[in-house]
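Below are some comments for a colleague who will work from the coordinates.

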Amino acid sequence: MNDTRPENTPRFSQHNKEALRNPWVLGWIGGIILVLSVNAAFIVTAFVTNPGLVEKNYYEKGQDQEQNFVSQQQARNRLDWHMKLDAIHQPVAGEPVRYSFNAVDSKGIPIDGDKAVIQAYRPSDINADFNTEMQEIAPGVYSAELIFPLKGIWDLNVMLTKGEDSLKLTHRISVLSSNNQ
């Protein structure tokens, strides 16, 4: 080996003029490599676990969002329907839970709608979403039994239609895992 440094000089020193023998330079290079490695791991994880877009036709719906919001508000004010969605108990993944939906007008008279549909929407996984038509069990009272395949946050959207009129009620729920009872 052809080493020309004096005998007492350490191989790695902060006074060393050679870049790859200076601990400060090596520390900076190591820090940059660490940051780039963590970023690469995050990027790979994002691509591997990405469920994709969870809303079909997201662009068209986004363009019409303000108009849809205004028309829903106008319909809500014009119809003056009061709606409520209840579950008998806290939903648990894989177990049936019955939801009841009540709709009355401003005078408390039940609304006998043509159709009530409940949509279970999982914001993080489009493959778990499902729709169920609710059965009218009494005037203005609708019911459906749902089985949530996954635990976590779900949005329940109930759409009540009567003739040309329709209103939507959205309710966010948390589904427990089957071993958290």
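1. L156 touches L85, Y99, I118, Q119, A120, L146, F148, L169, T170, H171 and I173, with residues up to four places away in sequence not counted; contact here means heavy atoms within 4.5 Å. The model is a predicted one, in which local features need pLDDT of at least 70 and side-chain atom pairs count only at pLDDT 80 or more, while totals for chains, interfaces and linings use all residues. Residues are numbered from 1 along each chain as its sequence is written, and side-chain values use heavy atoms, with hydrogens and water left out.

2. Together with F101 and F148, L156 has the most contacts inside the largest nonpolar core, which has 28 residues. Helix 3 (65–79), strand 1 (82–87), strand 2 (96–104), strand 3 (115–121), strand 6 (141–147), strand 7 (152–162) and strand 8 (165–175) each supply at least two residues of this core. A nonpolar core is a set of buried Ala, Val, Leu, Ile, Met, Phe, Trp, Tyr and Cys residues joined through side-chain atoms within 4.5 Å, and helices (H or I, at least four residues) and strands (E, at least two) are DSSP runs numbered from the N terminus.

3. An open sheet of four strands runs in the order 1-2-6-5 with antiparallel pairing, where two strands pair if DSSP finds at least two bridges between them. Strand 1 and strand 5 (135–138) stand at the edges with a single partner strand each, so one side of each is left without a neighbour in the sheet. From one strand to the next the twist averages 30°.

4. Strand 5 pairs with strand 6 in the antiparallel sense over three bridges, and Q135 stands opposite S143 in strand 6. The two strands form a hairpin with two residues between them, and G140 in the turn has a positive phi of about 80°.

5. N22 lies in the segment before helix 1 (23–49). Is N22 buried or exposed? N22 counts as buried because its relative accessibility is 12%, the classes being buried under 20% relative accessible area, exposed over 50% and partly exposed in between (1.4 Å probe, protein chains only). Leaving aside neighbours within four places in sequence, N22 is in contact with S13, Q14 and N16.

Notes: Axes are lines fitted to C-alpha atoms, for helices over the stretch in contact, and angles run from 0 to 180 degrees between N-to-C directions.
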